[in-house]
Protein chains: 4
Amino acid sequence: MIVLIQSIDRVGLVAGISAIMAKERLNIVSLREFVDKTDNRFYIRIEAEKDTDILALETAIRQVLPPEAYVSINPRPEKKIVVMVTKEYHCLADILVRNQFNTLGASIQCVIGNHQVLQNICERFAIPFHYISHEQDSKAVFEEKMEKVIEGYNPDYIVLAKFMRVLSPAFVAKYPERIINIHHSFLPAFAGGHPYKQAFERGVKLIGATSHFVTNELDEGPIIAQQVIPVNHSFTTADMIRAGKEIEVSVLAKALSLVFSDRVFVYRNKTVVFE
Amino acid sequence: MIVLIQSIDRVGLVAGISAIMAKERLNIVSLREFVDKTDNRFYIRIEAEKDTDILALETAIRQVLPPEAYVSINPRPEKKIVVMVTKEYHCLADILVRNQFNTLGASIQCVIGNHQVLQNICERFAIPFHYISHEQDSKAVFEEKMEKVIEGYNPDYIVLAKFMRVLSPAFVAKYPERIINIHHSFLPAFAGGHPYKQAFERGVKLIGATSHFVTNELDEGPIIAQQVIPVNHSFTTADMIRAGKEIEVSVLAKALSLVFSDRVFVYRNKTVVFE
Amino acid sequence: MIVLIQSIDRVGLVAGISAIMAKERLNIVSLREFVDKTDNRFYIRIEAEKDTDILALETAIRQVLPPEAYVSINPRPEKKIVVMVTKEYHCLADILVRNQFNTLGASIQCVIGNHQVLQNICERFAIPFHYISHEQDSKAVFEEKMEKVIEGYNPDYIVLAKFMRVLSPAFVAKYPERIINIHHSFLPAFAGGHPYKQAFERGVKLIGATSHFVTNELDEGPIIAQQVIPVNHSFTTADMIRAGKEIEVSVLAKALSLVFSDRVFVYRNKTVVFE
Amino acid sequence: MIVLIQSIDRVGLVAGISAIMAKERLNIVSLREFVDKTDNRFYIRIEAEKDTDILALETAIRQVLPPEAYVSINPRPEKKIVVMVTKEYHCLADILVRNQFNTLGASIQCVIGNHQVLQNICERFAIPFHYISHEQDSKAVFEEKMEKVIEGYNPDYIVLAKFMRVLSPAFVAKYPERIINIHHSFLPAFAGGHPYKQAFERGVKLIGATSHFVTNELDEGPIIAQQVIPVNHSFTTADMIRAGKEIEVSVLAKALSLVFSDRVFVYRNKTVVFE
C-alpha cells in the first residue's frame with residue numbers, strides 16, 4: 001500500500017506514522033521523507049508490502065499529525081483523466097497508445113478538442129472525442145461547455161496535451177493541482193506564445209520543454225519535469241518545432257508517469273518529486 | 001546528524017529507529033529507506049537537524065536492530081583518502097583542485113604513483129607523492145611497499161585515479177569496500193585493457209566510464225556511477241581516448257561526491273545509492 | 001536535391017563533383033564530407049537548392065569518380081518500409097503514429113508478425129498485418145513465407161521493431177544494409193537474449209539500446225544510434241525492461257529518422273552518419 | 001591544413017575553392033559547408049592532409065570569393081589567451097590544469113583578477129597574475145589598466161572565467177568576437193545577477209550554463225555552447241550554485257575546445273559551430 005502525507009513539520013512525525021504502520025505489521029519497503037526548511041513543510045511517501053483497513057489506518061495516522069495535514073492512502077491506482085487538445089497530435093497520440101496498452105497508469109475518459117482535427121485518431125482508439133469550439137462563444141461559455149463535459153467523467157486529472165487556449169482563473173480554480181500542462185519551452189526562458197521562433201532568433205544550442213501544474217499565473221505553475229534536446233545552427237524554426245515536439249512528448253510522458261504513480265507533492269508554486 | 005543503517009529486513013525497523021530519534025528530539029529532515037526484496041536487505045539513511053550523544057544513540061538503536069546490522073552515525077565528515085595513479089593526469093588533477101579548495105568532501109593524505117610523471121602536479125599542490133615502482137619488485141613486494149605507505153596515513157578510502165596495475169586479491173582484501181576505481185569503459189562492455197580501441201573497431205556511438213568499488217573480480221566490483229559521452233565516425237581511437245578522459249573525470253567526481261557524502265551502501269556486488 | 005557518394009578516396013573528388021554541380025547552377029546549401037583514413041574511403045552528402053536532370057547529373061559525376069563508387073541522387077524521399085514484429089507494441093505503435101501523421105519519413109507498406117497480438121493496433125491504423133507463425137514450419141519455410149510477403153511490397157527497408165527471431169544468413173543476404181534492428185541493450189554490453197536480467201544482476205546505473213543494420217553476425221551489425229537511460233538500485237528487472245522500452249522507442253525513432261533522411265552510409269561493420 | 005571561409009553566398013563557391021585545393025594536390029579529409037538562407041551567408045571549414053604555401057593559397061582562393069569574404073588559413077594552432085577572473089576558482093582551475101598538460105589547445109599568457117584570492121592557484125602553475133582592483137578607480141580607468149596588461153600579451157582570445165564585472169561597450173569593442181564568457185544560467189532564462197536564487201524560487205528541475213561571445217548587449221552575445229544538469233526539490237540555493245559550478249566548468253571547457261580548434265564562426269548574434 002501507499003501512504004502520502006504532507007503537513008507542517010514537527011519532531012516525531014516519522015516515528016508516529018511508522019509506529020502505527022508497524023503495529024499493523026505493515027513492512028515498509030520504500031520510504032522517502034523530506035522537510036522543506038524554507039516552508040517548515042514535511043513530505044513523506046511510504047510503500048508497504050501488505051494492505052490493511054484504509055479508513056482505520058488513516059484515522060490512526062491523523063492522530064499523530066497536525067490537524068491541517070494532507071493524507072492520502074492508496075490513492076486510486078489507475079487515475080481517470082480527461083485530455084484537452086487543439087491541433088497537434090504528438091502528445092495525444094503517445095497518451096492514447098499507452099492508454100490502449102494499459103501502460104499509462106491512467107485511463108482516458110475522453111478527449112476534448114477545440115478543433116476537430118484530432119477526432120480521427122481518438123476514434124481509432126475508441127476514445128470519446130468532444131469537439132467544443134472556442135470560436136463562436138465567449139470564453140466563459142466555452143469553458144462552461146468544457147466543464148459540463150469534464151464533470152460527466154469525474155476525472156482525477158485534466159491533461160492539456162497541447163491545448164493552445166489560455167484557461168481563465170475561474171476554470172483553473174475548479175481543478176486545483178489537477179490540471180497538467182506541457183509547455184513548449186524550457187521555462188522560464190521563452191515563456192509565451194512563440195518560443196521556437198524566439199529560440200531560433202537567439203541562436204540557442206538547446207531547446208527544452210516543461211510539464212507543470214496549471215495555476216492562474218500563465219506558464220508559472222509548479223514544475224513537474226523538464227528536459228532539453230540539442231539543436232544547432234542548421235535548425236530552421238520548423239526544425240526546432242520538430243525537435244521540440246519530440247521532447248514535449250518525452251517530458252509529458254515523464255511528468256504523467258510521476259503524477260500517476262503518486263510521486264508528486266505540490267505546495268505553493270513548487271513540487272516535491274520522490275522519483 | 002547522519003545515521004546510516006544496513007541490516008536484514010523485518011517489520012518495524014523504521015518505527016524502532018525513528019522512535020529513538022524522536023525521543024532524543026532529533027527532527028528528521030531527510031530520510032531514504034529501501035528494502036531489496038531479492039536479498040531481504042534493509043537500507044536507511046537519515047539526516048536529522050541537531051546532534052546528540054553518538055555512542056548512546058548507537059547503543060539505543062542497536063537494540064531495535066538484528067545483531068548483524070551495520071550502523072554508522074556521523075561518519076567522519078571529511079574523509080581521509082590516499083590516491084593511487086600511474087601516468088594520466090586528468091582524474092588526479094581534478095581531485096587535487098577540489099582538495100585545494102575544500103570542495104572534495106575529503107582530504108588527500110598523499111598520492112602514490114608507480115611512475116614519476118605526476119609527482120610535479122602533486123608538488124604544485126603540496127601533496128606528498130610517493131613513487132613506488134612496480135618494475136623491479138614482485139607484485140607482492142610492490143604491494144607491500146604501497147601498504148606500508150597507506151598504513152602511515154590511515155585513510156578511509158583509496159582512490160585509484162587511473163592506476164593501471166591490477167591489484168592482488170590479498171591487497172584488495174585489506175581494504176574491503178574502501179577502494180574506488182574509475183574504469184575506462186561503460187562496464188560491462190569492453191572490460192579489460194584496450195576499451196577505446198575496441199570501441200573504435202566496433203563503431204559505437206557512445207562511450208562511457210564506470211566508477212566502482214574494487215573487489216577480487218577484475219572490473220566486476222559494485223558500480224557506483226556510470227556516464228556516457230557521444231562519439232561518431234569521425235573519432236579516431238585517440239579522439240575516443242580524449243573524450244573518454246572527460247567522462248572519466250566527471251564520473252569519478254560524481255562517485256566520490258556520493259561516497260564522501262555517505263550516500264552509498266554496498267552489499268555483495270551491488271550498491272544502493274541514496275542520491 | 002540530395003547527392004550521396006561513397007568511394008575509394010583520392011585527391012580532387014570534392015572539386016570534381018562540385019564543379020559539375022556549379023556548372024548546372026546548383027547552389028550547395030549543405031555539404032558534409034569525410035575521409036576514413038583507416039579504409040581510405042570517401043563519403044560525401046550534398047544538399048543543393050534546385051533540382052536538375054538526375055540521370056545526366058549522375059553520368060557526369062561518375063566520370064570524375066573511381067569506377068566502384070556508390071552514387072545516389074535524390075533517393076526516394078519517402079521510403080517504403082515493411083515492419084516485422086513479435087509481441088511488444090511500443091516500437092511499432094510509435095512508428096504507426098508517425099506514419100499516420102506523415103512524420104515518419106517513410107510509408108509503412110505492411111506489418112509482418114510471428115504472433116497475432118499486434119494485429120489489432122495495425123488494424124486501428126488500417127495497415128495490412130500478415131500473421132506468419134514460426135511454430136509449425138522450419139526456419140527456411142518460415143522465412144520463405146515472409147520473403148514472399150515482403151517481395152509483394154518491394155520495400156526500401158525492413159524494420160525489425162522488436163522482432164524476436166534470429167534471421168538466417170540467407171534471409172539477411174537478400175536485404176544487405178536494408179534491415180534495421182533495435183537491440184535491447186547498449187551493445188556490445190549484454191549482447192544476447194536477456195540483457196535486462198543481466199543488467200539487474202550486474203547492478204548497472206545506466207541501461208541502453210542500440211539500433212543497427214542487421215548482418216550475419218548476431219548483434220554485430222553496423223551501429224546507427226545508441227542511447228542510455230539512468231536506472232538505480234530500486235529498479236527490478238521488470239522496471240528495467242519498462243525503462244528499456246522507453247529508450248528503445250527513442251533510439252529506433254532516431255535511427256529511422258537518420259536513415260530515412262539519407263544521412264547514413266554503411267561500409268563494412270561501421271556507419272558514417274552525417275547528422 | 002585548415003581553411004575557414006565565411007562570405008555572402010553564391011553558386012560555385014565550393015567548386016571554386018576545392019578546385020584550387022585540388023590543383024595544389026591537397027586531399028580534403030573533412031569538409032563542412034553550410035549556407036544560412038536567412039542571411040544568405042556561406043560558411044565552410046576544410047581540413048586537408050598536407051600543407052602548402054599559405055599566402056599563395058589565400059591569394060588564389062580570394063579570387064573566387066566575394067570581396068568581403070573572411071578567409072583564415074591555418075590559424076595559429078595554439079591560441080594565446082588572457083584569462084580574467086574574480087573570486088571563483090572552478091573554471092580557472094580547470095583551464096590552468098589543461099594548460100599545464102598541453103591539452104587546452106591554447107596557451108595562457110596571464111590571468112587578470114579584480115580580487116586577489118586566485119593569485120595563489122595561478123602561482124602554483126607559474127602563470128603571471130595581475131591584480132587590478134575595480135574599487136578605487138572609475139570603470140574607464142579600471143578597464144584601461146586591464147587593456148594595458150592585455151596588450152602586453154597580444155592574445156587571440158580573452159576568456160572571462162567567472163569575471164563578475166560588466167565590461168563597457170568601449171572595452172568590448174576593442175576585442176570583437178574575441179571575448180568568451182561563461183554565464184551562470186541557461187540563457188535566456190535567468191539572465192542577470194542571481195540566476196540560482198531565481199531558479200530555486202521558481203522550482204526548476206534543470207539548471208544550465210551558457211558560454212557565449214561577449215557583445216555590448218549584456219548576456220546577449222552569440223551562444224557557443226549550452227548544457228544543463230538536473231536538480232530537484234532537495235536542492236537549496238547553495239546546492240544549485242554547487243551544481244551550477246560543475247556545469248559551468250563543463251560548458252566553458254566545451255566552448256573553448258570548439259573555438260580553439262577553429263570550429264566556430266560568428267555572424268551577427270549567432271554562431272555556426274562545425275562540431
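The model is a predicted one. Side chains of opposite charge can pair when their charged atoms come close. A search through the whole structure turns up 73 salt bridges over all chains.

One of these pairs A:Glu49 with B:Lys37, with the closest N and O atoms 2.7 Å apart. A:Glu49 sits in the loop between strand E3 (41-48) and helix H2 (54-62) of chain A, while B:Lys37 sits in the loop between strand E2 (28-36) and strand E3 (41-48) of chain B, so this pair joins two chains. Both ends are partly exposed: A:Glu49 has a relative accessibility of 42%, and B:Lys37 has one of 43%.

Another salt bridge brings together the side chains of A:Arg202 and D:Glu220, at 3.3 Å from N to O. Here A:Arg202 belongs to helix H7 (residues 195-202) of chain A and D:Glu220 to the loop between strand E10 (206-213) and strand E11 (223-230) of chain D, so two chains are joined again. A:Arg202 is buried, at 6% relative accessible area, whereas D:Glu220 is partly exposed, at 35%.

Then there is the pair of C:Glu220 and B:Arg202, whose side chains meet at 3.3 Å, N to O. C:Glu220 lies in the loop between strand E10 (206-213) and strand E11 (223-230) of chain C, and B:Arg202 in helix H7 (residues 195-202) of chain B, so this pair links two chains as well. C:Glu220 counts as partly exposed at 34% relative accessibility, but B:Arg202 is buried at 6%. Within chain B, salt bridges with shared partners tie B:Glu88, B:Lys162, B:Lys245 and B:Glu248 into one network.

Now for chain A by itself. Chain A splits into domain 1 (2-73) and domain 2 (79-273), and the centres of these two domains, taken over C-alpha atoms, are 32 Å apart. Where they touch, 12 residues of domain 1 are in contact with 9 residues of domain 2. Together the two domains of chain A bury about 890 Å², with 59% of that on carbon and sulfur atoms.

Charged and polar pairs turn up here too. The interface between the two domains of chain A holds 2 salt bridges, as well as 5 residue pairs in polar contact. E3 of chain A gives the most, with 5 residues. Sorted by class, that side has 6 nonpolar, 1 polar and 5 charged residues.

Notes:
Residues are numbered from 1 along each chain as its sequence is written. Chains are lettered from A and ligands numbered from 1 in the order in which they are written. This is a predicted model: local features need pLDDT of at least 70, side-chain atom pairs count only at pLDDT 80 or more; totals for chains, interfaces and linings use all residues. Side-chain values use heavy atoms; hydrogens and water are left out. A salt bridge is a side-chain nitrogen of Lys or Arg within 4 Å of a carboxyl oxygen of Asp or Glu. Helices (H or I, at least four residues) and strands (E, at least two) are DSSP runs, numbered from the N terminus. Buried means under 20% relative accessible area, exposed over 50%, partly exposed in between (1.4 Å probe, protein chains only). Domain bounds come from an automatic or database domain assignment. Contact means heavy atoms within 4.5 Å. Buried area is the accessible area (1.4 Å probe) that two parts lose on being put together, summed over both. A polar contact is a pair of N or O atoms within 3.5 Å; within protein, one must be able to donate a hydrogen and the other to accept it, and residues adjacent in sequence count only if both atoms are side-chain atoms. Ala, Val, Leu, Ile, Met, Phe, Trp, Tyr, Cys and Pro count as nonpolar, Asp, Glu, Lys and Arg as charged, and the others, Gly among them, as polar.
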